[in-house]
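Hi,

Here is the structure I promised to pass along. Have a look at it first, and then read on for what turned up.

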Amino acid sequence: MGLVIDNIDMRETFKGLLEEKYFIDKSNIINDFNKLINRNSEKYVCITKPRRFGKTSIAAMLVMYYSKSIDSKEIFDKLKVSKGKSSDIKEKENEIKQYKEYQGKYHTIYLDLSKNVFSFETLDAFISSINMELKTDIEELYPNSKVLNAYKDNIVYNLKKLYLETDKKFILVIDEWDYIITNKEFSNKERNNYINFLKYLIKDNSFLAFVYMTGITPIAKELSQSTLNCFSEYTMLNDDQYYEYFGFTEEEVQELCSKNKNLTFEDLESWYNGYKSYDGKKIFNTWSVIHALNKNTIKNYWSLTGSFNEVKRMINYDIIGVKEDILEMINGNEIEVQLENYGVEDIRKESENNEPVKEVLYSKMVTFGYLTYYKGKISIPNEELKEEFIKALNDKKSDMQYFYDMIKNSDEMLEVTLHKNVKRMCEILDKSHMEKISPGDRLDHGNLKRVIDYSYFNARAKYDIKEESPDGHGRADVIFLPKEKNKVNGEIIIIELKVNSTAKKAINQIHQKKYYNNLKEKGYNGNVLLIGINYDQKEGKYSCMIEEYDINMKKLSTSESEAERKRRNEPESDGIYKRLRSSVVNPKKINL
């Protein structure tokens, strides 16, 4: 075992994984890789995933399994790889045969191309240091090797000479391949030299039996067509082969939950799933699931993996439609878009201060694990990431700050609504607009609807929220239905919106359209709150009214704001009372 050859750190890493309480056996990927050994056109595999999806764990397992200097037979004989994975009997027999043939057959070369790189003044010095570590390992393994007598500052030359002398091929495992490309400390010239080094090290070299390369950023586009075109590449956008080995599948999380008596699968599912494989299977964030199980606590562990400042920068790019899309996704919606792989060429363009187009920006967010992409739609994967996006809105230099403030106040908004405190409801809504909207500004239905969505944002923890839902004889603006565990006694909330009208007319519409029909038949038994909210375009003020009914629609109480009483006492004129969906002519339009 050595520093580069049959790396001792990777051996210890995998041994540590085996000893963990919540270990998942991913060794069947070895069965897949064994079929590629020494196949010149197939032996190069690059798999890129977001951080904390188990990439290095797979690298450690490969080093442990293939390395001649590491006695791992007893370990792997207990793992899935030793049994084969195919449902075809003959194919399974071949897999078991290959397992025995390749286990401990090769010396591995492990390179972590992010480790200690800034301890050296130049990139060339860093690569030279790897070459010197290789020499130390050769001295240990082959003390009488002729290669040592003519050792050069050229790692590829030295490996070729060693192969010619020993007739022993290597398995090459490269971790963090893209670190030097993505790090802004390196110039474009250094990055280009690094890519050329990788090509020299990997491509068409007979001393390599197999190459596994991993990182976050795909090779993609031009490089995959020229410099590093030897690789078969699998990314967050196109992995139909190895997706199950990175992150946890639903079945694996259920298996882990059986070992933990405090957290349920449902607890983990809402917070950490949401990534989609090519065929729609759910993939969970490995890092967060393990931390939650070890700590018996459901919370946000993503922030431990790195800064979310990159998302703040993405949100604040002045690209048409991006901010609106982000708000829609935070609100639980999907956005249709056609994406291609984000790759190192896109990073080069960014370093040249070229602003990315929207599709490239979203591809980057999928690549880094901030979004997931399935069937032409992007979305925020889970509650953990949604929380991070909400935090990213909290930027006083950004015009998105006020959406953050609304979300922050949304718990109180729900509480005062359930207590029928219409005065405080209006105060919260008025305050939300104080800095964003001035009297006389135009506020169309979509924008006002978004204000209501965010004012009640945290209500989704307790309610299933239906928007523009076809209930009764029309479509209600918003209906809050209690989630299953509170379905019997929880209050139902039905909201109708108006502009330049009255909250009473909004409630009258609810009655006219009977949006509350069939609630009892659907299993709901709590009281029903009918809420009318009106926005006065001229004054820039809200008025609210709540009528409370039992499930049989027997009226229990009525509450209305002072602004609503005044509004209803004003004479209608000029036909200005319009439904919110009608346009209001004004030269200045609010863009929320």
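First, the cut-off I used for a charge over a ring: NZ of Lys or CZ of Arg has to be within 6 Å of the ring centre and within 35 degrees of the ring normal. With that in hand, Arg-460 sits over the face of Phe-457, 4.4 Å from the ring centre. Lys-364 does likewise with Phe-368, at 5.9 Å from the ring centre. Please keep in mind that this is a predicted model.

Now the overall picture. The protein has 592 residues, and 55% of them count as buried. There are 24 helices and 18 strands. If you take the contacts with a separation of 6 or more, 71% are between residues 24 or more positions apart.

On to the cores. The largest nonpolar core has 70 residues, and the members touching the most others are Ile-330, Ile-378 and Phe-389. Beyond its neighbours within four places in sequence, Ile-330 is in contact with Ile-380, Lys-386, Phe-389, Ile-390, Leu-393, Ile-407, Tyr-454 and Phe-457. So what else is there? A second, separate core holds 43 residues, including Val-156, Tyr-163, Ile-180 and Met-213.

Val-156 also turns up among the contacts of Leu-201. Leu-201 belongs to helix α9 (residues 188-202) and is buried, at 3% relative accessibility. Again leaving aside neighbours within four places in sequence, Leu-201 is in contact with Leu-111, Ile-155, Val-156, Leu-159, Leu-172, Ile-174, Phe-207 and Leu-208. Leu-201 and Leu-172 are 29 residues apart along the chain, with their C-alpha atoms separated by 9.8 Å.

Leu-172 takes us to strand β3, which is worth a look. All of it is covered: 6 of the 6 residues of β3 (residues 170-175) are buried, so the strand is largely enclosed by the rest of the structure. In a regular strand, side chains alternate between the two faces of the sheet. Here Phe-170, Leu-172 and Ile-174 are buried on one side, and Ile-171, Val-173 and Asp-175 are buried on the other. Which strands pair with β3? One is β2 (residues 107-112), parallel to β3 over 6 bridges, with Tyr-110 standing opposite Val-173. Another is β4, also parallel, joined to β3 by 5 bridges; there the bridge partner of Phe-170 is Leu-208.

There is also an open sheet of 3 strands, antiparallel, in the order β6-β8-β7. The edges are β6 (248-249) and β7 (275-276), each with a single partner strand, so one side of each has no neighbour in the sheet. Strands β7 and β8 (residues 282-284) run antiparallel and are joined by 2 bridges, and Lys-276 has Lys-282 in β8 as its bridge partner.

Next, the aromatics. The count comes to 24 aromatic pairs. One of them is Phe-33 with Tyr-212: the ring centres are 5.8 Å apart and the planes are at 45°, so this pair is tilted. It links distant parts of the chain, since Phe-33 is in helix α2 (residues 28-34) and Tyr-212 is in strand β4 (residues 208-215), 179 residues apart. Phe-33 is buried at 0% relative accessibility, and Tyr-212 is buried at 0% as well. Then there is Tyr-456 with Phe-480, whose ring centres are 5.3 Å apart with planes at 70°, so that pair is edge-to-face. This pair also links distant parts of the chain: Tyr-456 is in the loop between α22 (445-455) and β12 (463-471), while Phe-480 is in strand β13 (residues 474-482), 24 residues apart. Tyr-456 is buried, with a relative accessible area of 1%, and so is Phe-480, with 2%. Finally, Phe-14, Tyr-65, Tyr-66, Phe-76 and Tyr-99 form one aromatic cluster.

Last, the cysteines. How many disulfides does a search of the whole structure find? It finds 0. For Cys-46, the closest cysteine sulfur is in Cys-230 at 9.6 Å, too far for a bond. Cys-46 is buried, with a relative accessible area of 0%, and Cys-257 is buried too, with 10%.

Cheers

Note on methods:
Residues numbered from 1 in each chain as written. Predicted model: local features only at pLDDT ≥ 70, side-chain atom pairs only at ≥ 80, totals over all residues. Heavy atoms only, no water. Core = buried A, V, L, I, M, F, W, Y, C linked by side-chain atoms within 4.5 Å. Buried < 20%, exposed > 50% of the residue type's maximum accessible area, 1.4 Å probe, protein only. Contact = heavy atoms within 4.5 Å. Pairing = 2+ DSSP bridges. Helix = DSSP H or I, 4+ residues; strand = E, 2+ residues; numbered from the N terminus. Disulfide = S-S within 2.5 Å. Phe/Tyr/Trp six-rings, centres within 6.5 Å; stacked < 30°, edge-to-face > 60°.
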